Every structure is written in structure tokens, then in C-alpha cells.
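Me: I have a structure open and want to go through its contacts with you. Can we start with the charged pairs?

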Amino acid sequence: MSHRANGKLPAFVTDHSPAQFDAAGNLTYTITADNNLSPDSQLAIPASVGTVVGSPVFTRTSATVSTMAFTINVSTPPETAVAHTLTLSASGAESVGQSLDITHGGWTPSVLVTGSNDGFWSAATLGASLSDGDAVASWSPRTGSLAALANSTTSDRPVYRDGSVLGINSLPAVQFSYPTKELFFGAGEFEGKTAFTVAMLHHWPDAKRYGQNSHLFVSTVGGQKLLLHGGTTSSRLRWYQYDSGGSLGYYSNGTDQTVIQHIWTSDDAGTQNVYDGSALQKTYSGTANANSDVAKIWSEEPGTDTTDDGWFLAEFLYVERVLTSAERTELTDYWTAKFGS
């Protein structure tokens, strides 16, 4: 193995993760190498990608393997992916082995935000201002001009999870748990609209605890269309809608112990489709109805068990149009690659 005159042997890199930096804010970037990896290693990244925050966390995981976890404040990603190679070095000796190739940006749901009343929310953006377990008072869209999802009542706010312990497959999410937690849209932002698409990437890991086996249920209560998560008697998610038609129910054969992708569309004629990932599950035609109530995302109390981790929402999209089949495929492919199943 080559070495420098100062005797410092270069670290031999065997893995690094993630390989795509697709959201602005703090990101944990972990490099795995042999035990030539040094605690004083430094990571050089292009200024356009971001900056290293604080000191890395060095861990000797075995007699032959070490890891280095850097916190990177990622700059706003471009919509077209840009390839970069990062440099890890210690005392002038650059690492060898696997190249630290990453991409900054690329296709994200942000490209679907095309109108003035559209928005895309990503829990990853909250990491720039919140620490794990902090209450979410306001959640601004990553893309779009809609008002932030917000709650002025401190005790009713969900919390931010950075993925280190709780989240969705080690990625950030907003946790809605017992008792009821809510986030409200801006007044009037979601009322009386005919054509729309709502899409969300979410997870409810404790679904079996209460014997529920539904991924999605849509019903009308008090003249409003509701998107119910977890069934009608023990709901984990209610999504207030404007439609005054009858009920539309979809029950899956499994439980929400897997990562769930839901896409709900309504066209100008009021025809509504519910997709579980890319699969169409239900179709219904209703009558549009303007309603003055403020739309919100909320979790109803999961029984009375305070140990239930509740329901996690990582990304959420609302656009005032029906996504095309190609756009739905891009969205589901993106979520599958990013969050797994």
C-alpha cells in the first residue's frame, strides 16, 4: 500500500452513505473504512454542495473496520443532478479504495410543484432548525408558496424525528402520536378545489397493536371528505377534504408495518382515485363542496397506549391538478429508492 513520507497510511474506504444529497439542511454522511481511518480525518466538499458542520464522530467498530460520520449542511439541491467526488484525508494522505462519488440534486417531488397553490413538504428540511424530539410548531413547504403547516397549541404539536432512532428507515419524519397531534394548513388553502392530487410517504409501525389492517379509508363526516388512516374506529390519520359525496373505502390485505405510499387524485368532474403506490385501489365520483373549515393533518388518539410510537409522515405533496401516470411513476420510483419498503 502506498504511503506518505510522514508515515500516515491512507484509509481504504469500503462504503459511504448516502450517495445522493437531495434535500437542503443537515445530513449525516457516513464513511466506512479500514483501521487506517484516522479520528483527525477531514472531508473536503464543494461549496456548492454544502459545508461540514462541527466535528465528525469516529467509531472503531471492529478490529479491522472504522466509521466516520460527518454532519453536512446541504445547500439547496439543483433539480438536475450534479455529480461530485468528495475527498477524505488525514495529514495529507487521501483515502483510497471506493471513491466518494455523490450526486447533489436530481429528480425530487419538487418538480411536480408547478402552480401557485401547490406545495411539497419534506421532514428532512426541519433538521436545519430542529433537533430530534423537538415539537413541530411550523413546517414550511420545501417547494411552493403555500403557508407552513402549523399549530399554535403547544401540547398538540407533533415532533420531529431525525431517523437516528425513530423515523422511516433511518430517515427523518414527523411523528404524530398519543394524544391527538395536529398540523393545520393556511385558512382557505384547501377548500372548494375540484382537481387535486394528495400524495404522502408514511409509516405506522404499530398497526397490529390495535388489530387494524387498513391502509386507507375515505369517508364523509359532517359534509367533509376525510382520509382516514387505520380504519374508522381507531384512526391514525384524518385528512380533511371538501368533497360531499358518499364514502370511498380501500382496505389492504396487510398492515402498515411497511412503508406506505398513498396517492389520492380528484379530477374536475369529481372522479377520485386512490392508489397504493402505483396500484389503483378505488375509484369514486362525488360532488365538490366548498367548506370553510381549515384543512389539517392529524392523528387521532391511538387507543390509550402512551407507548405506541404512533404514525410517521416523511414527505407530503399537494398539487391542484391530477398527476399524469408518468408523474405518479416518477414519484413512486423516487420514494421506493429513497425510503425502501
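Me: Which side chain does Arg161 meet in a salt bridge?
Reply: The partner is Asp132, at 3.4 Å from N to O. Bear in mind that this is a predicted model.

Me: Arg161, buried or exposed?
Reply: Arg161 is buried, at a relative accessible area of 19%. The cut-off for buried is under 20%. Asp132 is partly exposed, with 32%.

Me: How many salt bridges does the count come to?
Reply: Three salt bridges. One of them joins Glu315 and Lys338, whose closest N and O atoms are 2.7 Å apart.

Me: Switching to rings. How many aromatic pairs are there?
Reply: The count is seven aromatic pairs. Among them is Phe21 with Tyr29, an edge-to-face pair with 5.6 Å centre to centre and 75° between the planes.

Me: Are Phe21 and Tyr29 buried or exposed?
Reply: Phe21 is buried, with a relative accessible area of 0%. Tyr29 is also buried, again with 0%.

Me: What about Trp121 and Phe316, how are those rings set?
Reply: They form a tilted pair, 5.6 Å centre to centre with 55° between the planes. The pair links distant parts of the chain: Trp121 sits in strand S11 (residues 119-122) and Phe316 in strand S26 (residues 311-319), 195 residues apart.

Me: Buried or exposed, for Trp121 and Phe316?
Reply: Trp121 is buried, with a relative accessible area of 0%. Phe316 is buried too, with 1%.

Me: Which rings make up the cluster with Trp121?
Reply: Ring pairs link Trp121 to a cluster with Phe185 and Phe316.

Me: Now the sheet with S3 in it. What is the strand order?
Reply: S5-S6-S3-S1-S9, an open sheet of five strands with mixed pairing. Strand S5 (50-60) and strand S9 (96-97) stand at the edges, each with a single partner strand, so one side of each has no neighbour in the sheet.

Me: How does S3 pair with S1 and S6?
Reply: Strand S1 (residues 12-17) pairs with S3 in the antiparallel sense over four bridges. S3 and strand S6 (residues 65-74) are also antiparallel, over 10 bridges.

Me: What are the partners of Thr30?
Reply: Thr30 is the bridge partner of Ser17. In S6, Ala69 stands opposite Thr30.

Me: How many residues of S3 are buried?
Reply: Seven of the 10 residues in strand S3 (residues 25-34) are buried, so the strand is mostly covered.

Me: Last topic, pockets. How much space lies in the largest pocket?
Reply: About 990 Å³.

Me: What lines the largest pocket?
Reply: The lining has 40 residues, and Leu27, Thr28, Ser170, Leu171 and Pro172 lie nearest the pocket's centre.

Me: Which elements supply at least two residues of that lining?
Reply: S3, S5, S6, S26 and H1 each do. H1 gives the most, with five residues.

Me: How does the lining of the largest pocket divide by residue type?
Reply: 21 of the lining residues are nonpolar, 13 are polar and six are charged.

Definitions and conventions. Residues numbered from 1 in each chain as written. Predicted model: local features only at pLDDT ≥ 70, side-chain atom pairs only at ≥ 80, totals over all residues. Heavy atoms only, no water. Phe/Tyr/Trp six-rings, centres within 6.5 Å; stacked < 30°, edge-to-face > 60°. Buried < 20%, exposed > 50% of the residue type's maximum accessible area, 1.4 Å probe, protein only. Pairing = 2+ DSSP bridges. Salt bridge = Lys/Arg side-chain N within 4 Å of Asp/Glu carboxyl O. 1 Å grid on protein atoms, 1.4 Å probe; cavity = no way out; pocket = protein on both sides within 12 Å on 5 of 7 lines; lining within 4 Å. Points joined across faces, edges and corners; volume = space filled by probe spheres on them. Nonpolar A, V, L, I, M, F, W, Y, C, P; charged D, E, K, R; others polar.
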